[in-house]
Amino acid sequence: MKERFDSIIIGAGMGGMCAAARLTAAGQRVLVLEKSPYLGGRCSHRVKNECRVTTGAIMIPMTPTSAIREAFDLLDVPMNMIELTGRMRYRLQHGEYDQQQSGGGLRGVIKFALQDDEEQTTRLFQEFVFAMEHIPSDRNTFREWLEKRTGNDDVINLFQGFCAALMGTNLHEIPAGEFFRFLVNSSRGSRFGMVAKGNGELMEALAEAIQLRGSRILTRTSCREIVVEHGRASGVLAHSKDRGEETFAANDILSNTGPDRTVILSGGREKFDTNYLAKLDRFPHQAPIFHISFLTDAPLIEDFDGCLVFGNNKNLIYLEIPSLISPEISPSGRYLHTAFGAPTDATTKNLTAEFENTLHELELNFPGKLASAEFLVKAKHSGQSPGMHRWAGYMLPVSTSIKNLFNVGDGNAAPGTIGTEGAASSAKEAVKQILKRQP
Ligand SMILES: Cc1cc2nc3c(=O)[nH]c(=O)nc-3n(C[C@H](O)[C@H](O)[C@H](O)COP(=O)(O)OP(=O)(O)OC[C@H]3O[C@@H](n4cnc5c(N)ncnc54)[C@H](O)[C@@H]3O)c2cc1C
């Protein structure tokens, strides 16, 4: 007989794990299937040359009201984080600006870009404050919104770096309203940090609590098919090397594999109604990202234990030196660096040239310092493992047109959220819809 669960979750990424935590906390018996040996998907780590190198995310929200933190708190799992709030540095052509820990971050950064012009700073800052209080339409892009208010290239380059590094897509790809929803969410008391011992440890801690409460997590187990009968999802067909094929039944199925993959696993487009397919097709782009991690014998920047956002490049957008933030990340005397780059247009098909330019810009920003660097990761994230499954502002709802089938992950983020927080927010919404239906 098929083993039965209340819910089955396909994929142990941030969205899948937060959904499992929430459903388990609500008293459900949940089964999580993860095809790889690891938990966390793009929020995990791999050990390379004795360093804990991220599989993707590096800045993780940790505000008590964040959807991530809520999921951990529900099972009393502490998040072993090193807080980085207020430790942002911005680099433009004319210099660098360290965000003031005492606050005033947005005004300060605008003033820096405008090279201390008080009058222009006040005027533009007031426009931002107004837009945060009266969210503008999504019909215009944030670039259009900004260019109506300033022609200053440094301001535009600053916000291009901000958008690409913190929102995963470029200035001209983000709807203006979504930019300001994100800005509202990520200001006013919001906190973020880096996981002290690597993202994988965070997910392992959550997994332990989930399983202690009676739910199950099977790694190295791939979902081959979502069983759909009479327009309703009722189970999954799974496969693992050890146990072969197995079928499991459940009241609800939550797919953390990305909206496109969910359609394939469910038997194809003909299983979904035209309204849902229209939403899926309306804006199907994923957001690629480049990841470069490397080791050096000396840090590229002395004493820098924060996050550097670049607004002086075409492709290089972000650098962190995890070894200077947490000593548990790399062996002593070796410095792990993680840099991100983005294509200037997220729809670019050929990423190679812009990836190579990201490496080139790293060298230009730190002349001569990379000569003896040992590269651990040089990755172009796209396809099934992108920066994000859908662009900020173009997310799909968590529900599908198949009854009892939900998507969770960064293709289904709540408005104003992206990345790990977006994935966790989708889990919150899907679980809310599931629990609302129950007596
Ligand atoms: C280089 C890079 C840098 C990033 N930086 C940040 C950052 O600093 N901050 C931030 O918040 N976000 C960041 N992101 C985005 C963030 O990592 C993702 O948005 C988030 O981790 C996605 O979570 P998810 O729930 O969509 O699941 P995913 O991470 O996509 O996980 C899905 C899981 O499902 C499994 N799976 C897939 N198919 C099957 C199947 N058929 N059967 C069983 N299992 C399956 C996969 O193996 C995987 O483990 C970054 C991403 C990248 C790539």
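Visitor: Which residues of β17 are buried on one side, and which on the other?

Guide: This is a predicted model. Seven of the seven residues of β17, residues 335–341, are buried, so the strand is largely enclosed by the rest of the structure. Both faces are covered: one side holds Tyr335, His337, Ala339 and Gly341, and the other holds Leu336, Thr338 and Phe340.

Visitor: Which residue of β17 is the bridge partner of Phe290?

Guide: Strands of a sheet pair through backbone hydrogen bonds, either parallel or antiparallel. Strand β14, residues 289–296, pairs with β17 in the antiparallel sense over seven bridges. Within β17, the partner of Phe290 is Gly341.

Visitor: And which residue of β17 is the bridge partner of Glu320?

Guide: Strand β16 covers residues 316–320 and runs antiparallel to β17, joined to it by four bridges. In β17, Glu320 has as its bridge partner Thr338.

Visitor: Which strands stand at the edges of the open sheet of three strands?

Guide: The order of this sheet is β5-β9-β6, with antiparallel pairing. Two of these strands have a single partner strand each, so one side of each is left without a neighbour in the sheet. The edge strands are β5 (60–61) and β6 (81–83).

Visitor: Which residue of β9 is the bridge partner of Pro61?

Guide: β5 and β9, the latter covering residues 192–195, are antiparallel and share two bridges. The partner of Pro61 in β9 is Phe192.

Visitor: What is the radius of gyration of the protein chain, and what does the globule rule give?

Guide: The chain has 13 helices and 19 strands. Its radius of gyration is close to the value from the globule rule for 439 residues, so the chain is as compact as a globular protein of that length. Both the radius and the rule's value are 22 Å.

Visitor: What share of the contacts between residues at least 6 apart in sequence joins residues at least 24 apart?

Guide: Of the 439 residues in the chain, 49% count as buried. Among contacts between residues at least 6 apart in sequence, the share joining residues at least 24 apart is 69%.

Visitor: Which elements are included in what covers the buried residues of α1?

Guide: α1, residues 14–25, has twelve residues and spans 16 Å from its first C-alpha to its last, close to the 16 Å expected. Eleven of the twelve are buried, so the helix is largely enclosed by the rest of the structure. The cover includes β1, β2, α2, α8, β13 and α13.

Visitor: At roughly what angle do the axes of α1 and α13 cross?

Guide: Two packed helices are described by the angle between their axes and the distance between the axes. Residues of α1 including Cys18, Ala19 and Arg22 are among those that meet α13, where Ala423, Ala427 and Val431 are among the residues met. The crossing is right-handed. The axes come within 8 Å, and the angle is roughly 35°.

Visitor: Is His230 buried or exposed?

Guide: Most residues other than glycine have a negative phi. His230 has a positive phi, near 50°, and lies in the loop between β11 and β12. His230 has 6 C-beta neighbours inside 10 Å, so it counts as exposed.

Technical notes
Residues numbered from 1 in each chain as written. Predicted model: local features only at pLDDT ≥ 70, side-chain atom pairs only at ≥ 80, totals over all residues. Buried ≥ 20, exposed ≤ 12 C-beta atoms within 10 Å, placed from the backbone. Pairing = 2+ DSSP bridges. Rg over C-alpha atoms; globule rule 2.2 N^0.38 Å. Contact = placed C-beta atoms within 7 Å. Expected span 1.5 Å × (residues − 1). Axes fitted to C-alpha atoms, helices over the stretch in contact; angles between N-to-C directions. Left-handed = near helix turned anticlockwise from the far one by under 90°.
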